[in-house]
Amino acid sequence: MTDATEASGASVTKRFLYVNRKAPHGTVYALEVLEMILIAAMFEQDVHVAFLDDGVFQLRKGQTPSALEMKDFSKTYRALEDYGIEKIYLERESMEERGLTTDDLVIPAAVLERKDMISLIDSMDVVLSA
Amino acid sequence: MLHLVNKSPFERNTLDACLKRAAPGSAILLYEDGIYAALSGTSVADKVAKATNAFDIYVLGPDLSARGFEPAAVIEGVQTVDYDGFVDLTVEKRGVQSWL
Amino acid sequence: MKYAIVVNEGPFNHQASDSAYHFVKHALAKGHEVLRVFFYYDGVHNGNKHSAPQSDDRNIVRRWSQLAESNQIDLTICVAAGLRRGIVDDVLAPGFRISGLGQLIDACIDANRTIVFGD
């Protein structure tokens with residue numbers, strides 16, 4: 001893989017990974033990292049989004065936080081593809097531990113085995129954790 | 001990759017989350033409350049000692065001493081570094097991941 | 001090395017801001033460059049000039065301001081996260097400025113290393 005971190009010059013493409021490990025609504029991280037991802041989409045970088053551990057719950061469909069007067073931002077994940085963010089991964093082991101299947105998700109997303117998640121993470125130039 | 005773990009293994013699961021996803025040969029720095037994972041004689045000490053076979057594990061000295069521990073309290077195989085060492089680790093490894 | 005630093009938490013509640021500060025100081029002392037320190041989520045509170053800790057404790061906000069001044073470090077508060085939390089221009093401590101998330105991404109692209117300090 002190319003080590004873009006040492007590249008210089010006008011145009012650099014880096015491998016970005018957003019790591020989401022937290023459940024939605026109990027903290028703000030899921031919402032604000034999504035805003036960051038949407039902005040990042042405009043910079044023509046190689047963007048990847050990974051959902052691990054409780055982060056897989058962010059993509060669960062049927063969220064209705066309105067009774068709590070909180071924002072339902074789960075539908076915003078559907079916009080990621082329109083923004084060119086297609087490399088979205090959930091970790092299989094995290095889903096299984098939490099009883100989630102791909103039928104429960106608000107968007108189609110690739111499910112990665114942990115061993116492949118390990119390689120994916122290790123290949124990144126920039127990792128932004130929420 | 002350099003992996004950063006800043007929470008106690010008795011309070012949060014970020015140490016485990018990191019150990020499960022770090023590629024062999026990675027470096028792991030335990031800092032802030034993460035230093036508790038570096039101490040010998042705890043219920044996680046064996047796990048961390050075993051992990052030193054796959055990873056280079058470091059603990060941040062100033063965070064150890066802030067919490068009342070000397071480097072001698074640290075598991076054998078875990079290296080104590082200061083902030084200069086922390087900086088050097090980030091130079092040595094091509095990426096940094098914080099387990100939050 | 002050129003660094004982009006991200007601070008996700010506010011002063012005092014978490015050690016994140018302290019750790020970021022000490023890292024930046026040591027990186028600079030070793031001759032590295034810190035392109036930007038970007039404050040997001042509750043990290044925006046690090047820019048609030050009204051922070052008034054007890055006199056026998058470190059003044060985290062002022063410390064960042066002094067570091068910015070002595071080393072020309074760019075301290076950027078995210079505009080959207082700041083608005084959510086009431087961190088706007090008229091409460092900003094010296095050395096801080098408010099800008100968009102694009103500044104974070106720019107810094108990550110230009111830097112050799114990006115480090116996130118958070119909870």
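In the predicted model, strand β1 (residues 2-5) of chain B is paired with strand β2 (residues 27-30) of chain B through four bridges, in the parallel sense. Within this pairing, B:V5 has B:L30 of β2(B) as its bridge partner. Helix α1 (residues 14-21) of chain B packs on the sheet and touches β1, β2 and β5 of chain B. The direction of this helix makes about 165 degrees with that of β1(B), and the two are roughly antiparallel because the angle is over 145 degrees.

The sheet of chain B is open and has five strands, in the order β4-β3-β2-β1-β5, with parallel pairing. Its edges are formed by β4 (79-81) and β5 (96-99) of chain B. Each of these edge strands has a single partner strand, so one of its sides is left without a neighbour in the sheet. On average, and with direction ignored, neighbouring strands of this sheet are turned by 25 degrees against each other.

Parallel pairing also occurs in chain C, where strand β3 (residues 75-78) is joined to β4(C) by four bridges. The bridge partner of C:C78 in β4(C) is C:S99. Strand β4 (residues 96-99) of chain C has a covered face, made up of C:F96 and C:I98.

Two packed helices are described by the angle between their axes and the distance between the axes. For α1(C) and helix α2 (residues 60-71) of chain C, the angle is about 20 degrees and the axes are 11 Å apart. The two helices are therefore roughly parallel to each other, and their crossing is left-handed. On the side of α1(C), the contact is made by C:S17, C:D18, C:Y21, C:V24, C:K25 and C:L28. Helix α2(C) contributes C:I60, C:R63, C:W64, C:L67 and C:N71. By class, the residues of this helix contact are six nonpolar, two polar and three charged.

Chains B and C are also in contact, with 15 residues taken from chain C and 11 residues from chain B. On the side of chain C that touches chain B, the elements giving two or more residues are α1 (16-29) and β5 (113-117) of chain C. Of these, α1(C) supplies the largest share, five residues. The residues of this side of chain C divide into five nonpolar, seven polar and three charged.

Positive phi values in residues other than glycine were found in chains A and C. A:H25, which is not a glycine, has a positive phi of about 75 degrees. This histidine is found in the loop between β1 (15-20) and α1 (29-40) of chain A. A:H25 counts as partly exposed because 18 C-beta neighbours lie inside 10 Å. In chain C, phi of C:Y41 is near 50 degrees. C:Y41 is found in the loop between β2 (33-39) and α2 of chain C. With 26 other C-beta atoms within 10 Å, C:Y41 is buried, since the cut-off for a buried residue is 20 or more.

Notes:
Residues numbered from 1 in each chain as written. Chains lettered and ligands numbered in written order. Predicted model: local features only at pLDDT ≥ 70, side-chain atom pairs only at ≥ 80, totals over all residues. Pairing = 2+ DSSP bridges. Axes fitted to C-alpha atoms, helices over the stretch in contact; angles between N-to-C directions. Contact = placed C-beta atoms within 7 Å. Nonpolar A, V, L, I, M, F, W, Y, C, P; charged D, E, K, R; others polar. Parallel < 35°, antiparallel > 145°, perpendicular 65-115°, else oblique. Left-handed = near helix turned anticlockwise from the far one by under 90°. Buried ≥ 20, exposed ≤ 12 C-beta atoms within 10 Å, placed from the backbone.
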